[in-house]
Amino acid sequence: TTPTQAEQPRPGEGDMKFLPALDLSDEQRTQLVAIARQHQQDLAVAQMRLRQARRALNQAIYAENPEQNIVSERARDVATAQESLTRLNAQTELKVRQLLTPEQLKRFRELRRRQREERIGSRPEGEQRRLPRERFPNPNRPSATQSNGDNNNTPPAEVLRERRRLRRQLPNGGRRP
């Protein structure tokens, strides 16, 4: 079994364990704590805005009489909230990056590279990154609750994973020319 999405660290979260290896000065630690506190406050606000925007979009889509203009406006609100969240994370990472000396930055990059390789190496053989779950049912593909026709009780996700693995072995990744 693979860890659930909630158990997996988000990008950047696992980086905090690298701090002792970076040999930060007291001043750097103080600045880093201040950056982290401010980021947590700003992040909470940005995430709340994004949740509210997504909720408003869903309400507009599933309203009894949905209006295209309102749905479009709510979709723009979601995009703006997501953009703000992305910009906040990028700015915070830049502040942290600017805090590090060239040697610390070099060590940090090496530690992150190793962590990424370990994470990739720890996946079961043949398993790729988890694909986002389908948000809407696809009428051309059986759902998880429908029989997959194999009569061997193999879950549909495993059948699809095996099909993808076999397709990758074909010339051109199984794509039509």
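**Two helices side by side: a predicted model**

Reader: How are α2 and α3 oriented to each other, roughly parallel, roughly perpendicular or roughly antiparallel?
Author: In this predicted model, the axes of α2 and α3 cross at roughly 170°. Angles over 145 degrees count as roughly antiparallel. The two helices α2 and α3 are therefore roughly antiparallel.

Reader: Within what distance do the axes of α2 and α3 come?
Author: Two packed helices are described by an angle and by the distance between their axes. For α2 and α3 the angle is roughly 170°. Their axes come within 9 Å.

Reader: Which residues make up the contact of α2 with α3: how many are nonpolar, polar and charged?
Author: The charged residues number 6. The polar ones number 7. The nonpolar ones number 19.

Reader: Which elements give two or more residues to the largest nonpolar core?
Author: This core has 11 residues, including Leu-43, Ala-46, Val-78 and Leu-88. Its largest share, 6 residues, comes from α2. The elements giving two or more are α2 and α3.

Reader: What other core lies apart from it, and how many residues does that core have?
Author: Among its members are Leu-22 and Ile-35. Leu-100 and Leu-105 belong to it too. This other core has 9 residues.

Reader: Is Leu-88 buried or exposed?
Author: Leu-88 sits in helix α3. Its relative accessible area is 16%. Buried means under 20%, so Leu-88 is buried.

Reader: What separation do the C-alpha atoms of Leu-88 and Ala-46 have?
Author: Along the chain, Leu-88 and Ala-46 are 42 residues apart. Yet Ala-46 touches Leu-88, and Leu-85 too. Their C-alpha atoms are separated by 8.3 Å.

Reader: Where is Asp-23, and is it buried or exposed?
Author: Asp-23 is in the loop between α1 and α2. It has a positive phi of about 55°, although it is not a glycine. Its relative accessibility is 59%. Exposed means over 50%, so Asp-23 counts as exposed.

Reader: How many helices and how many strands does the protein have?
Author: From the N terminus on, the elements run α-α-α-α-α. The count is 5 helices and 0 strands.

Reader: What percentage of the contacts between residues at least 6 apart join residues at least 24 apart?
Author: One such link in sequence is Ala-46 with Leu-88, 42 residues apart. For the protein, the value is 69%.

Reader: Which element has the highest mean pLDDT?
Author: The protein averages a pLDDT of 77. Helix α5 has the lowest mean of the elements, 74. The highest mean, 96, belongs to α3.

Reader: Where does pLDDT stay under 50?
Author: One stretch is residues 1–13, with 11 contacts beyond four places in sequence. Another stretch has 10 such contacts, and it is residues 143–151.

Terms used
Residues are numbered from 1 along each chain as its sequence is written. This is a predicted model: local features need pLDDT of at least 70, side-chain atom pairs count only at pLDDT 80 or more; totals for chains, interfaces and linings use all residues. Side-chain values use heavy atoms; hydrogens and water are left out. A nonpolar core is a set of buried Ala, Val, Leu, Ile, Met, Phe, Trp, Tyr and Cys residues joined through side-chain atoms within 4.5 Å. Buried means under 20% relative accessible area, exposed over 50%, partly exposed in between (1.4 Å probe, protein chains only). Helices (H or I, at least four residues) and strands (E, at least two) are DSSP runs, numbered from the N terminus. Contact means heavy atoms within 4.5 Å. Axes are lines fitted to C-alpha atoms, for helices over the stretch in contact, and angles run from 0 to 180 degrees between N-to-C directions. Angles under 35 degrees count as roughly parallel, over 145 as roughly antiparallel, 65 to 115 as roughly perpendicular and the rest as oblique. Ala, Val, Leu, Ile, Met, Phe, Trp, Tyr, Cys and Pro count as nonpolar, Asp, Glu, Lys and Arg as charged, and the others, Gly among them, as polar. pLDDT is the predictor's confidence in each residue, from 0 to 100.
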